[in-house]
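Subject: The structure I promised you

Hi,

Have it open while you read, and click on the residues as they come up.

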Amino acid sequence: MSLYGKVALVTGGAQGIGRAVVQSLLLSSAKVAVVDLNKTCGEECKTQLDTEFGEGHCTFIQCDVSHGDALRDAFQSTVDQFGRLDIVINNAGINNEKNWEKTIQVNLTSVIKGTYLALEHMSKEYGKEGGTIINVSSMAAFMHSPHQPVYTATKHGVIGFTRAMADASSQGDYGVRINVLCPAFVDTPLLHSVEQEDNMGKFVKFKDDFKLRMDKFGVLPPSLIAEGMMRLIMDTSLNGAVMKITCSKGIHFHSYEPMSA
Ligand SMILES: NC(=O)c1ccc[n+]([C@@H]2O[C@H](COP(=O)([O-])OP(=O)(O)OC[C@H]3O[C@@H](n4cnc5c(N)ncnc54)[C@H](O)[C@@H]3O)[C@@H](O)[C@H]2O)c1
Ligand SMILES: CCCCC[C@H](O)/C=C/C=C\C/C=C\C/C=C\CCCC(=O)O
C-alpha cells in the first residue's frame, strides 16, 4: 500500500531503528520529518536521503525530545512544511542508568508528550482527520535484566501508557490508532552503550551477563524492525496492539488476559 500524500514524523530518526523506518516510509512515498538531537547524523541522513529520493521528501529538525517546547515546535514545523500529519513514531530512546532521570525524561515523558502532540495534530477531537502513532518499547519490558533497571521501568511504562491511550482513542472516537513495538536486541549504536561506564554506572559490571543474552537470543537487523513498523502503520485493524520482534519468533503479538469487570 502506498503512503503517497501522507506525512510522518519520526523521533530519533537519524540513526539506528529510526533511520531504517524513515527509509521504509520514504520508499512507500510518505513525506518524513526526521526529528533528532544529533545534528551531524541528522544532516548526513538528510543528504543521503535527498540523493536517494530527491529533495523535498524529507526534512531534518534538530530537537531534544525531552525539551517540551522544542518538541512542540518540531511538530508545528513538520505541519508548516508538509501541510499535515498522519503518522508519528515516538522512537528516540537512551540507555543511561547513571543519569537515570534523563532516561525517564527521554524514554517515557517524551513518548507521552509526543503522543499528546500527535493527537493535537491528528485527532478528530481537535477537528483533524485521524492518523496512527507507534511508541517504541523493548523486550526489556518482558525480560528484565539487572544491568538496566530504569531503562526497563521506562519500557514497561511505554506499554501501559500506550494501551490505555489506545482505549481512550477508541472510546473517545479520536480516529487515531495507537500501538507499541517491542524489539529484542537490534544492531544499532545503542546496543554498544552496555559496555560504557558513562552509560551504565555501577551496573556496567553486569555487562557480561548482557552479552551472554545477546549471544543466546541473537541480534536483529534494523530493517526487520522497520518491517514491523510498516505493518503497524498499514494494518488499520490494529489499535492497542503490543508487537514483539525476536530472532526466534520474528514479528508477533503479545496477548493479554481479557480484563474482568
Ligand atoms: N537497539 C536495541 O537493541 C533496541 C532494542 C529494543 C528497543 N530499542 C529502542 O528503540 C529505540 C531506538 O533505539 P536505537 O537502538 O535505534 O538507538 P540509537 O542510539 O541507535 O538511535 C537513537 C536515536 O535517537 C536520538 N536521540 C537520543 N536522544 C534523543 C533526544 N533526547 N532527542 C532527540 N533524539 C534523541 C539519537 O541521536 C539517535 O539518532 C529506543 O527507544 C530504544 O530504547 C532498541
Ligand atoms: C545496552 C542497552 C540496549 C538495550 C536494548 C534493548 O532494549 C534491551 C533489551 C534488554 C533485554 C531484553 C532481553 C532479552 C530479550 C531478547 C530476546 C528475547 C527473545 C525470546 C525468544 O526468543 O523468544
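Since its relative accessibility is 49%, Glu52 counts as partly exposed; the cut-off for exposed is over 50%. Now look for Leu26. Along the sequence, Glu52 and Leu26 are 26 residues apart, yet in space their C-alpha atoms are 9.7 Å apart. Keep in mind throughout that this is a predicted model.

Next, the helix pairs. The axes of α1 (residues 16–27) and α8 (residues 222–234) come within 8 Å and cross at roughly 55 degrees. The two helices are therefore oblique to each other, and the crossing of α1 past α8 is right-handed. On the α1 side, the contact is made by Gly16, Ile17, Ala20, Val21, Ser24 and Leu25. From α8 come Pro222, Ser223, Ile225, Ala226, Met229, Met230 and Ile233.

Ser24 deserves a click of its own. Is Ser24 buried or exposed? With 17% relative accessibility, Ser24 counts as buried, because the limit is under 20%. Leaving out residues up to four places away in sequence, Ser24 touches Ala226 and Met230.

The other pair is α3 (residues 68–82) and α4, whose axes come within 10 Å and cross at roughly 35 degrees. Here too, α3 passes α4 in a right-handed crossing. Gly68, Leu71, Arg72, Phe75, Gln76 and Val79 of α3 meet a set of α4 residues that includes Ser110, Gly114, Leu117 and His121.

Then there's helix α5, residues 149–172. Buried residues in α5 include Tyr151, Val158, Ile159, Phe161 and Met165. What do the buried residues of α5 pack against? Their partners are helix α4 (100–122) and the strands β5 (131–136), β6 (176–183) and β7 (242–246).

Now for the cores. In soluble globular proteins, nonpolar side chains tend to be buried together. The largest nonpolar core in this model has 37 residues, and the members touching the most others are Leu25, Val32, Ile89, Leu181, Ile225, Met229 and Ile233. Not counting residues up to four places away in sequence, Ile233 touches Leu3, Leu25, Ile87, Ile89, Thr132, Ile134 and Arg177. There is also a second, separate core of 27 residues, with Val35, Leu85, Ala118 and Met122 among them.

Last, some backbone angles. Most residues other than glycine have a negative phi. Ser29, in the loop between α1 and β2 (31–36), has a positive phi near 75 degrees. Ser29 is partly exposed, with a relative accessible area of 35%. Asp173 has a positive phi as well, near 55 degrees, and sits in the loop between α5 and β6.

Cheers

How values were computed
Residues are numbered from 1 along each chain as its sequence is written. Chains are lettered from A and ligands numbered from 1 in the order in which they are written. This is a predicted model: local features need pLDDT of at least 70, side-chain atom pairs count only at pLDDT 80 or more; totals for chains, interfaces and linings use all residues. Side-chain values use heavy atoms; hydrogens and water are left out. A nonpolar core is a set of buried Ala, Val, Leu, Ile, Met, Phe, Trp, Tyr and Cys residues joined through side-chain atoms within 4.5 Å. Buried means under 20% relative accessible area, exposed over 50%, partly exposed in between (1.4 Å probe, protein chains only). Contact means heavy atoms within 4.5 Å. Helices (H or I, at least four residues) and strands (E, at least two) are DSSP runs, numbered from the N terminus. The expected span of a helix is 1.5 Å times one less than its number of residues. Axes are lines fitted to C-alpha atoms, for helices over the stretch in contact, and angles run from 0 to 180 degrees between N-to-C directions. Angles under 35 degrees count as roughly parallel, over 145 as roughly antiparallel, 65 to 115 as roughly perpendicular and the rest as oblique. A crossing is left-handed if the near helix is turned anticlockwise from the far one by less than a right angle, and right-handed if clockwise.
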